[in-house]
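Take a look at the model below. Then follow this short tour, one part at a time.

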Amino acid sequence: MKIIKLFVVYTVVLVAFIEIGLRIYDPWGFEYFTEAAKYKHYLIIADSLTFYRHRINTHAKFMGVDIQTDDIGAVSKHGTKSPDLMVLGDSMVLSWGVPYDSSYMALIGTDLAFGVGSWNTKNEVDWFVKSKIIPKTLIWMIVPNDVVPKTSFEPCWEPKCFFYRNSLLIAVKQYIRKDLHEHDNFLHDAEWQNAVRYMTAFCNYHRINLVPCFYWYDNSAIFRTYRMILAEGGYTLRRFPDPIYPNCFSKMDKHPNAKGHRMIADYLKNIL
């Protein structure tokens, strides 16, 4: 019995030291997974159209950054129903890990920025069309995993309890289990392709200046397919310059850090 007790004590101490060590030195960015779980827990709510969305008029803190949503769930500070410049997307528009005032949205003078973490192309198009917001210019941020079908927000695991939401050891486990190339399985999925076609038709009908931008390397089949479908609708898919990848990734994941946001803003200013 004494040996068993000692084993339990040593195991607890070992786990505690590993957890502390990961928090002091996290070379693989596992903290991103715990932050994503807290994001779901505090800011995400179910939605009948897009399966999930932001809570409105809610304040929370993720990645060390304060996030405040407005009365439609947007993170921008100058929301309007008829914006001159709007940005639409997923966590690339949430300004994940960078204060909004330092984000590319703020730096280019965005009137309305709407992005929900892990939304896909269909979620974004469905919400935008139903919102009846008609901007003069719409920057549409696209990333490779936008092709993956979504029926719920899945930050790699369900944040069942405080320990699950905060433990980096749990994050390690979920990171190992995660399929890092799952988006490749949905390259030919009709759902996202039809959503892109609907977006181009909608923007053409309402005379919206659609500026689609791809955040990732341009040698992917997903980039080429998005580019082809957008070209069918009369739009050119832009891609941000190579120095952003990976030099301006945040320390936790592949979202841009503050330097990356400045580079994205400079690029967008040149094409707007």
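Is Lys132 buried or exposed? Lys132 counts as exposed, at 67% relative accessibility. Here buried means under 20% relative accessible area, exposed means over 50%, and partly exposed lies in between (1.4 Å probe, protein chains only). Lys132 sits in the loop between H5 and strand E7 (137-142). Its phi is near 65°, a positive value in a residue other than glycine.

A word on the model. It is predicted, so local features need pLDDT of at least 70 and side-chain atom pairs count only at pLDDT 80 or more, while totals for chains, interfaces and linings use all residues. Residues are numbered from 1 along each chain as its sequence is written, and side-chain values use heavy atoms, with hydrogens and water left out.

Now the whole protein. It has ten helices and nine strands. These are DSSP runs numbered from the N terminus: helices (H or I) have at least four residues, strands (E) at least two. Of the 272 residues, 49% are buried. The protein exposes about 13800 Å², and carbon and sulfur atoms supply 57% of that. Such areas come from the Shrake-Rupley method with a 1.4 Å probe; for residues, only the protein chains shown count as cover. Take the contacts with a separation of 6 or more: residues 24 or more positions apart account for 72% of them. A contact means heavy atoms within 4.5 Å.

Next, find two helices. Helix H5 covers residues 121-131 and helix H8 covers residues 190-206. They pack at an angle of about 35°, with their axes 8 Å apart. The axes are lines fitted to C-alpha atoms over the stretch in contact, and angles run from 0 to 180 degrees between N-to-C directions. Which residues of H5 meet H8? They are Thr121, Lys122, Val125, Phe128 and Val129. On the H8 side are Glu191, Trp192, Ala195, Val196, Tyr198, Met199 and Phe202. The residues of this contact divide into nine nonpolar, one polar and two charged. Ala, Val, Leu, Ile, Met, Phe, Trp, Tyr, Cys and Pro count as nonpolar, Asp, Glu, Lys and Arg as charged, and the others, Gly among them, as polar.

Charges come next. Side chains of opposite charge can pair when their charged atoms come close. The structure holds five salt bridges. Each is a side-chain nitrogen of Lys or Arg within 4 Å of a carboxyl oxygen of Asp or Glu. One of them joins Asp126 and Lys122, at 2.7 Å from N to O. These two are four residues apart in helix H5, so about one helical turn separates them. Another joins Glu232 and Arg197, at 3.4 Å from N to O. Glu232 lies in helix H9 (residues 221-232) and Arg197 in helix H8, so the pair ties together parts that are 35 residues apart in sequence. Glu232 is exposed at 53% relative accessibility, whereas Arg197 is partly exposed at 34%. Asp242 also forms a salt bridge with Arg239, with the closest N and O atoms 2.6 Å apart. Arg239 is buried, with a relative accessible area of 15%.

Last, the backbone. Most residues other than glycine have a negative phi, and most peptide bonds are trans. Ser118 has a positive phi of about 70° although it is not a glycine. Ser118 is in the loop between strand E6 (112-115) and H5. A cis peptide bond joins Tyr245 and Pro246, with omega about -10°. Pro246 is in the loop between strand E9 (238-239) and helix H10 (258-271).
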